[in-house]
Amino acid sequence: MIEFLKRLFGQQGSSATAKERLRLVLMTDHLELAPEMIDTMKRELVDVISRYVEVDREPPKRKDATPAAAAKAGGAAPPVRKRRRRKKAASGAPSPAPAAS
Amino acid sequence: VHQVESIQPEPESSAAPAKKLGRAIVLTSGKGGVGKTTTTANLGTALANRGATVVMIDADVGLRNLDIVLGLESRVKHHMLDVLEERVTLDEALIPDKHSDKLFLLAAAQSREKDEVETEKMKALVASLRERFDYVLIDCPAGIELGFKNAVAGADEAIVICTPEVSAVRDVDRVVGLLGNRFRPQLVINRLRPLMVKKGKMLSVDDVNAILRLPLLGVIADEPEIIVTTNRGEPLALRKESPTGAAYHAIAARLAGDDVPAPMPPAAKPTLLERIGSLVGRKRP
């Protein structure tokens, strides 16, 4: 009930954003990863994912797009459009997990 | 006969049991302004109140502050570097507290710089203080440069102070890494605002410690009375009836090894929205 009311009144905490940002920054601190390396990693991850599904590489341009939301959208979870049709005989690579439909 | 190195003269009475060495604890955080000095002053006051002998060292050379937080600024005649450079004896430099005859301050040099302190001399100073006091609390300067290294050098325990902010958590994480395996730092979370945590607008105690994973000594609320008591130079720990003052006493008790729970700030009062929510909820079967 309270959760519902909170949603109704648009109460959104920033502590979740703080947690998420801290997690990422401490990971890079500990591994001593340069930001460019993170970007390369992201790009390559998207490349791999895009072999299986169609991925929107452009960060969404929305009115409510905060830097955190943009980072989330363009970061670890790239917005997936749809599953790519794959030729069955294409390769020995493991087939992608069935998309939720 | 092999002579064991000893700087201090042997105690006069051979019948007296060898005194146990006191604990040398550095209070550090990396980031400035999180409350290291305030915590040192309050913890020193609370430990002395328990009957322990305590000396607080202001290791922030060039930015002396512990004296003014304790209300002892007019009593500073000599400082730590006077002792290290052998201009005065330790006893001449130790400033007795206003409220407790068990509490002493060794002030920082104000017109000197941090790189003028020799690490080895600092270590020797802390070692000799440990022979005389139950607790040596070292108020570390902000940063991770030489001032930090000197403050840490003589300590055998560490307390890290963290506020529920991304910058403070990141810095504490770094400092804990720099402290290395010699320490198992304990955590004090300072300046927590329970209402903001409840609204999801501030990192909670669990959020902070899910990242830092340190033994928690206690949590101090962000209370206006801390500013007021600092204005007056009277640490809040002098007032046990204040919840925050009592929290410092609980932290001191835990540090001393008492089996008491880590103090937490009182929970935030329910908001109007929550009161409506619980009313609506109650009517449902």
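The legends below describe close-up views of a predicted model.

View 1. Chain A has 101 residues, of which 17% count as buried. When contacts in chain A with a separation of 6 or more are considered, 61% of them are made by residues 24 or more positions apart.

**View 2. Helix α2 of chain A beside helix α7 of chain B****.** The axes of α2(A), residues 15-31, and α7(B), residues 166-179, come within 10 Å of each other and cross at roughly 30°. This angle makes α2(A) roughly parallel to α7(B), and the crossing is right-handed. On the side of chain A, the contact is formed by Ala18(A), Arg21(A), Leu22(A), Val25(A), Leu26(A), Asp29(A) and His30(A), which meet Val166(B), Val169(B), Arg170(B) and Asp173(B) of α7(B). Sorted by class, the residues of this contact comprise six nonpolar, one polar and four charged.

View 3. An α-helix has 3.6 residues a turn, so residues three or four places apart point the same way. Just after α10(B) comes Gly233(B), which takes a positive phi of about 75°.

**View 4. The packing of α1 and α11 of chain B****.** The axes of α1(B) and α11(B) are 8 Å apart and the two helices pack at an angle of about 70°, so that α1(B) and α11(B) are roughly perpendicular to each other. Their crossing is right-handed. From α1(B), the residues in contact are Thr38(B), Thr39(B), Asn42(B), Leu43(B), Ala46(B), Leu47(B) and Asn49(B), and their partners in α11(B) are Tyr248(B), His249(B), Ile251(B), Ala252(B) and Leu255(B). The residues of the contact between α1(B) and α11(B) divide into seven nonpolar, five polar and no charged.

**View 5. The packing of α5 and α6 of chain B****.** Helix α5(B), residues 119-130, and helix α6(B), residues 146-153, pack with their axes 8 Å apart and at an angle of about 35°, in a right-handed crossing. Thr119(B), Met122(B) and Lys123(B) of α5(B) meet Leu146(B), Asn150(B), Ala151(B) and Ala153(B) of α6(B). By class, this contact of α5(B) with α6(B) holds four nonpolar, two polar and one charged residue.

View 6. Not counting residues up to four places away in sequence, Met56(B) touches Thr40(B), Ala41(B), Gly44(B), Leu66(B), Leu70(B), Leu103(B), Phe104(B), Leu105(B), Leu106(B) and Leu137(B). The C-alpha atom of Met56(B) is separated by 8.3 Å from that of Ala107(B), a residue 51 residues apart from Met56(B) along the chain. Leaving aside neighbours within four places in sequence, Asn209(B) is in contact with Leu187(B), Leu214(B) and Leu216(B).

**View 7. Positive phi at Glu86 and Arg191 of chain B****.** Glu86(B) is a residue other than glycine, yet its phi is positive, near 60°. Glu86(B) sits in the loop between α3 (80-84) and α4 (90-93) of chain B and is exposed, with a relative accessible area of 67%. Arg191(B), likewise not a glycine, has a positive phi of about 65°. Arg191(B) is placed in strand β7, residues 186-192 of chain B, where its relative accessible area of 34% makes Arg191(B) partly exposed.

Notes: Residues numbered from 1 in each chain as written. Chains lettered and ligands numbered in written order. Predicted model: local features only at pLDDT ≥ 70, side-chain atom pairs only at ≥ 80, totals over all residues. Heavy atoms only, no water. Helix = DSSP H or I, 4+ residues; strand = E, 2+ residues; numbered from the N terminus. Axes fitted to C-alpha atoms, helices over the stretch in contact; angles between N-to-C directions. Parallel < 35°, antiparallel > 145°, perpendicular 65-115°, else oblique. Left-handed = near helix turned anticlockwise from the far one by under 90°. Contact = heavy atoms within 4.5 Å. Nonpolar A, V, L, I, M, F, W, Y, C, P; charged D, E, K, R; others polar. Buried < 20%, exposed > 50% of the residue type's maximum accessible area, 1.4 Å probe, protein only.
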